[in-house]
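Q: I have a new model open on my screen and would like to learn how to read it. Could you take me through it feature by feature?

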Amino acid sequence: MSTDLSLDEVLTQMGAAGRRLDHMGAVEAGAGNISVSIAKGAEELGLAGRFPQAHPGTELPLPAPALAGRTVLVTGSGCRLRDVAKSPEANVSAFVVDEGGLTGTWYTHPAKAYARPTSEFNSHLAVHNDQVAMRGVDFQAVIHAQPPYLVQLSHIKELRSTTAFNRRILRWEPETIVQLPQGIEVLDFMVPGGQELMENNVRALRDHVIVLWSKHGIMVRSDVSPLAAVDKAEYAETGAMYEVRNIQSGGLGEGVTDDELRAVITAFGVETDLV
């Protein structure tokens, strides 16, 4: 995926990602949200063709100066991610950020099924702004979801640390550490949509592609595509699923040992400090 993608292709990817997350049981009802940042403006993307209503001077939830001139596509508050594929215009809108990053032109469709962007838009926008400022990325997808096994494990106090959590989910499938060499950063519970969560989320996603919001959900980023972000979530969720099942069976499973993980790391040339 790259900035060569058409608007139709990006929306199709967002829809496919929403359906896959729904199949995982990770976006119940209106939970979960997706955004995509693209280094193109309204004319380059042809936004008016899909989102004909333009609302200039719309205030952004936080300053995003690094995104000036860029487009951020984002799902709407209360929208079901499983519906994005069928009706993207009803469930997605677009912001083209103004110079200075305080406002933008908000592009919507008359059939929109939301009153405003997702309540987590501040966290999405902050991650996009930070990643562009830090790394200059031209394309980035960000997904927030509530995968049930990952969330369930985060309710266990003794596992609620980055070190302990990663050791538990990495020990079931050899490919997990290959796909998630930095693992997951684990945050303590913070109020959803709040400033504290937004700031810690931005920091965590500088060194990780997945951050766990304890007792709530995850946020995942990808420079490739929305589906690539979902892939990372699937690997993490599968590891969590095996861990939950092992707990339910009385902890009988041995799992992949440290020595076996080190052998995998060596064989695949994985750069990690997790083992």
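A: Let's start with how strands are assigned: helices (H or I, at least four residues) and strands (E, at least two) are DSSP runs, numbered from the N terminus, and two strands pair if DSSP finds at least two bridges between them. This is a predicted model, where local features need pLDDT of at least 70 and side-chain atom pairs count only at pLDDT 80 or more, while totals for chains, interfaces and linings use all residues. Residues are numbered from 1 along each chain as its sequence is written, and side-chain values use heavy atoms, leaving out hydrogens and water.

Q: In what order do the strands of the open sheet run?

A: As a general idea, strands of a sheet pair through backbone hydrogen bonds, either parallel or antiparallel. Here 9 strands line up as E2-E5-E4-E3-E1-E6-E9-E8-E7, with mixed pairing. Strand E2 (53-59) and strand E7 (184-187) are the edges, each pairing on one side only. On average, neighbouring strands are turned by 20° against each other, direction ignored; axes are lines fitted to C-alpha atoms, for helices over the stretch in contact, and angles run from 0 to 180 degrees between N-to-C directions.

Q: Which strands does helix H5 touch?

A: Contact means heavy atoms within 4.5 Å. Helix H5 (residues 121-135) packs on the sheet and touches E1, E3, strand E4 (92-97), strand E6 (139-145), strand E8 (210-213) and strand E9 (217-222). The direction of H5 makes about 150° with that of E6.

Q: How many aromatic pairs are there?

A: A pair of aromatic rings is described by the distance of the centres and the angle of the planes. Rings of Phe, Tyr and Trp (its six-membered ring) pair if their centres lie within 6.5 Å; planes under 30 degrees apart count as stacked, over 60 as edge-to-face and the rest as tilted. This structure holds 3 such pairs. Phe95 and Phe121 are tilted, because their planes stand at 35°, with centres 5.1 Å apart. This pair links strand E4 to helix H5, 26 residues apart. Buried means under 20% relative accessible area, exposed over 50%, partly exposed in between (1.4 Å probe, protein chains only). Phe95, at 3%, counts as buried, and so does Phe121 at 5%. Ring pairs join Phe95, Trp106, Tyr114 and Phe121 into a cluster.

Q: How many salt bridges does the count come to?

A: A salt bridge is a side-chain nitrogen of Lys or Arg within 4 Å of a carboxyl oxygen of Asp or Glu. The count comes to 14. One of them joins Asp22 and Arg82 at 3.6 Å, N to O. Asp22 lies in helix H1 (residues 7-23) and Arg82 in the loop between E3 and helix H4 (88-91), so this bridge ties together parts that are 60 residues apart in sequence. In another, the closest N and O atoms of Asp223 and Arg135 are 2.9 Å apart. Glu158, Arg168, Arg171 and Glu243 are linked in a network of salt bridges.

Q: Where is Glu237 found, and what does Glu237 touch?

A: Glu237 belongs to helix H10 (residues 226-248). Glu237 is buried yet has no salt bridge, and the nearest side chain of opposite charge, Arg20, is 9.4 Å away. For charge, Lys and Arg count as positive and Asp and Glu as negative, while His and the chain ends are not counted. Leaving aside residues up to four places away in sequence, Glu237 touches Met24, Pro147, Pro148, Tyr149 and Leu150.
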